[in-house]
Amino acid sequence: MEGNAHPCQSSPDRDQGARAAARAVDFEECVQVLDDPGQPSPPPLPLRLSSKADIRRSLSRTSRSFSSRINSFYKDQEVRRVILSSVRRFLAWFLLFFAQIFGCRETLWLAYQTLGVVYGDLGTSPLYVYPTAQIDSRNEREYLGVLSVIFWTLTLIGVVKYVLIVLHANDHGEGGTFALYSLLCRHANVGRHAGKHYGRLESDSEFSYFGDAERVRVHTRAKMVLEKSEIAQKILLVCVTFGTCMVIGDGVLTPAISVLSSIGGLRSQVPAISQTVVIAISCVIISALFLLQSIGTHRVSCIFSPIMATWFASTTVIGIYNIMNYYPTVLKALSPHYAIRFFVRNKRHGWEMLNSIVLCITGAEAMFADLGHFNIKAIQIAFIAVVYPSLIITYAGETAFLIKHPEHRIDAFFKSVPSPVFWPVFVVATLAAIVASQALITATFSVLKQSVSFGCFPRIKLVHTSASQEGQIYSPEVNYLLLGLCLAVVIGFQDSDGIGNAYGVAVIWVMLITTALVAVVMLVVWTTSVLWIILFLIVFGAVEVIYLSSTAEKLAKGGWVPFAISSFFVVVSLSWNYGRRMKYEFEAKNRISSHDFKNLCSSLEVTRVPGLCLFYSNLIHGGGLPPLMGHYMRAVGSLHEVVIFLTIRVVPVKTVLESERLFVARGSGVKGLYRCVARYGYLDHVDMVKEEFVDQVIASLVDLIRSEYEEKSKELEGRSSGEAAAAHCVMECAAEMEMVELDVARRRGAVHVVGHSILHTGSRSWFKRMVVNKIYRFLHSSCRSAVSTFRIPSSRLLELSMVYET
């Protein structure tokens, strides 16, 4: 019959309805699985390492299992095709957008390099956040609350504060606390307490790299208050010094916790390995890392960037796998109400747990401190496009795993890795932990270079490791000091939990100091509205103060370590700075006037000898000659025909152009005496080995003589022709003779006279005597001298010693 169908056959309408009903049932089952966190998860795949074929089969089964779970959600091939096509289009649009907005291929290449230098520490934070968090109620609500706090911490501090605001408070591409201080010194006269030598002069605003000259001349109320307040300037210098030393403490703790956490993953797979073996392996790896620093940042990044790119890709894939496999709706924790309910529910204990959660943002300061090695766009691209989404997915995957397996909190990351890929991931994690140490080590070199230039740290050897990137430097002394301190931390703490207590304290202090300095920059330099500054301090300052308060209880459990390390460097920095200022004040007070110098030459019957003498002096303000000159005259009894008093001055700019470097003038009214101030930025390299510097000084003096001759010639235009011709002839002959004498002296070669002053005080204050007579004199005798710092040729060097009694 036409209206009846065979029982084994079905009409098209009936087939279509059955398929729709099946899809509806499948969808309801999927929803039920998503809503039921107690749904048992499939057992992990066994690990078989007997042969390559077994590994390939295990990986293939893992891939098929993962694909089958995705297919269970999207059984319709058309739906899958549309979704995948949309994802590909979005990624293509995303990459095209960043390529057009942020620049060319060079910027993208630099962004790739930042993965290996800047983001190693931040990228490996999932290794130790959950293991150090003391979560009592290990249930779904607690883990979702922790994930929500982690997400909003990364978003507020990482994205909003650093990427969108702090990176723009740079000093012509240089970042770090001393770069902020330099920026303030350039726009306000607040650098006097870094040393009178480093105070700002009016002529500094004419430098090409000085900044907006009109903005510098604007005298806002905040700027005038800061310039007049001695206390505010001292507090500013101490904060900058403390922030710099905290970065150094960070550079010690980062390799320790990163490497120890990754090597500790061995015990999750092979429990028979003792902690002593883990410590020994960690020490070997850390030693190799520091020995690798001498090859330079650009070479290190070529080695480390592929590792970190693999790490971010691996953790992202594992995070997605864990989300889909254990708790697919875990990303609902991105809603802020989960974080709010976490604190409402836990109260004091939730506040205490912040001292471990703060580790999720470790390494964020490296984005700013390492800015001079790359550029703003490269760091922004890498963070927004790679680091930030990878971290969110990784933490979400860990959280999903812990909701199902709360007993594995101590080794959450490695336990969440699927068994077939554990060993490859472990190797990548170990390499990534080594890379993680690089960010703060590089930042330490950068901030110390700036500190040395500003006279706030003893002279150390600084090696420029790249011809194209001037900010890439390396210091052997600091490198080996960091190595020794890092090994001491690993051996002393024995595990990552104790180091985590110390690490969180250092991280949050550096961030809080940066927030305070950026607020001052917004007020003085950017002239931002006070309301915006208050909002900036309320949002970020309040968050960081809350985190800081939660680390208070860690002080007795290891939190004193970064304070001890930082305090040591603070004492060194402030003692060195104080001694330098005392020496300058002594020289300024006991300077030799022009009249006294003429009388001294007459009384000693000083003879003039042929040649050129470069006499190094610290005096800039007020003229006069250094007291060491009188000591030299009495000891030698002679004077070169050409004497140039040379002052090496660091100005608050990144670099000074060659055409603006030298400022020359005549000396103290005695024939053949001249002054020269050589101005350098805090990233410039002083080198006296080559003769180009002496040639440039002589050329500048010749230009000075010619300009003086032209000015005097203009003054003779009003006189009679006979008098003018005679005077013009006399001046021309005198100018030509003086230039010839300079050229002859240059050909004979320059003798460099450098003072080796010994500072001593008889003050009644025991504290002042200890700082000057003990600490400063020890540092002065132990650190590198001006001879090695300025690379003065030893064959043309004469050193004079003199005691400065204050």
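The structure holds 0 disulfides, where a disulfide is a pair of cysteine sulfur atoms within 2.5 Å. This is a predicted model, in which local features need pLDDT of at least 70 and side-chain atom pairs count only at pLDDT 80 or more, while totals for chains, interfaces and linings use all residues. Residues are numbered from 1 along each chain as its sequence is written, and side-chain values use heavy atoms, with hydrogens and water left out.

Strands of a sheet pair through backbone hydrogen bonds, either parallel or antiparallel. Here 6 strands form an open sheet, ordered β5-β6-β4-β3-β7-β8, with mixed pairing. Strands are DSSP runs of E, at least two residues, and helices are runs of H or I, at least four, numbered from the N terminus. Two strands pair if DSSP finds at least two bridges between them. At the edges are β5 (662-666) and β8 (797-805), each pairing on one side only.

Strand β7, residues 750-760, pairs with β8 in the parallel sense over 9 bridges. Val-754 has Glu-799 in β8 as its bridge partner.

Last, a helix. Helix α26 (residues 627-636) packs on the sheet, touching β3, β4, β7 and β8. Touching means contact, heavy atoms within 4.5 Å.

Key. Axes are lines fitted to C-alpha atoms, for helices over the stretch in contact, and angles run from 0 to 180 degrees between N-to-C directions.
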